[in-house]
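Visitor: I have a model to look over. Please take me through it by question and answer.

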Amino acid sequence: MSKERLKKIEVSGPGINFDYAHFLPSSPKCGVLHGHSSTVSVTVVGKVVDEMVVEFGELKKIVKKVVDAMDHKLIVCRKYLSHLEDGKVKVEFDGVGGHYEFILPTNSVYVIERDSTVENISEHIAARLREMLPPNVQRIHVRMSEGFGKYATSSL
């Protein structure tokens with residue numbers, strides 16, 4: 001009987017970052033449209049296959065694909081959207097100072113299922129990575145910054 005070997009690898013660095021806008025209607029400070037520059041580091045734990053869990057270059061390429069899809073977008077919860085004609089969406093919410101409405105091209109919006117907190121965005125990134133990584137990967141940890149000294153970590 002062979003013993004299963006698990007290993008952990010991590011990718012991070014200045015190449016894995018993105019800028020985004022969001023709003024959190026229930027927050028007194030973040031209940032207006034505003035933006036962040038975020039960095040992401042990803043750690044995966046998995047079974048060793050051919051002497052590695054995942055090749056570093058492949059892992060980084062997959063992570064970049066996920067974060068690049070969110071780069072320079074309004075990250076918004078589906079509940080605030082209504083679809084319009086001609087490839088546009090209406091974003092609507094009540095936040096700090098009153099009622100907000102935006103009409104945006106669909107390619108400027110990235111939709112997630114929950115409010116766009118850093119906790120929920122990092123969890124969304126982990127879920128997307130889960131779909132794209134090989135089956136030998138057993139755990140995914142995503143650490144995402146929301147500016148200097150502020151992070152959320154999600155694990156799947």
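Visitor: Which residue forms a salt bridge with Asp 115?

Guide: The model is predicted, so local features need pLDDT of at least 70, side-chain atom pairs count only at pLDDT 80 or more, and totals for chains, interfaces and linings use all residues. Residues are numbered from 1 along each chain as its sequence is written, and side-chain values use heavy atoms, with hydrogens and water left out. A salt bridge here is a side-chain nitrogen of Lys or Arg within 4 Å of a carboxyl oxygen of Asp or Glu. With closest N and O atoms 3.8 Å apart, the partner of Asp 115 is Lys 79.

Visitor: How many residues apart are Asp 115 and Lys 79?

Guide: Elements are DSSP runs numbered from the N terminus: helices (H or I, at least four residues) and strands (E, at least two). Asp 115 sits in the loop between strand E8 (109–112) and helix H2 (118–132). Lys 79 sits in the loop between strand E4 (73–77) and E5. The pair links distant parts of the chain, and the separation is 36 residues.

Visitor: Is Lys 79 buried or exposed?

Guide: Buried means under 20% relative accessible area, exposed over 50%, and partly exposed in between (1.4 Å probe, protein chains only). The relative accessible area of Lys 79 is 58%, so Lys 79 is exposed.

Visitor: How many salt bridges does the count come to?

Guide: Side chains of opposite charge can pair when their charged atoms come close. Glu 92 pairs with Lys 90, the closest N and O atoms being 3.8 Å apart. Lys 90, Glu 92 and Glu 101 are linked in a network. By the salt-bridge rule, the count is eight.

Visitor: Why are Arg 128 and Glu 131 separated by about one helical turn?

Guide: These two residues form a salt bridge, with closest N and O atoms 3.4 Å apart. Arg 128 is partly exposed at 25%, while Glu 131 is exposed at 62%. They are separated by about one turn because they lie three residues apart in helix H2.

Visitor: What is the phi of Asp 86?

Guide: Most residues other than glycine have a negative phi. Asp 86 has a positive one, although it is not a glycine. Asp 86 lies in the loop between strand E5 (81–83) and strand E6 (88–95), and is exposed at 73%. Its phi is about 60°.

Visitor: Where is Asp 50 found?

Guide: Asp 50 also has a positive phi, near 50°. Its relative accessibility is 72%, so Asp 50 counts as exposed. The place is the loop between E3 and helix H1 (56–68).

Visitor: Which residues does Thr 43 touch, not counting those up to four places away in sequence?

Guide: Thr 43 is in strand E3 (residues 34–47). Thr 43 is buried, because its relative accessible area is 13%. Contact means heavy atoms within 4.5 Å. The residues touched are Lys 8, Ile 9, Glu 10, Arg 139, Ile 140 and His 141.

Visitor: Which pattern does the protein chain follow along the sequence?

Guide: The chain has two helices and ten strands. Its C-alpha trace spans about 65 × 35 × 25 Å along the principal axes. Read along the sequence, the pattern is β-β-β-α-β-β-β-β-β-α-β-β.

Visitor: What share of the residues counts as buried?

Guide: Among contacts with a separation of 6 or more, 63% join residues 24 or more positions apart. The protein chain has 156 residues, and the buried share is 40%.
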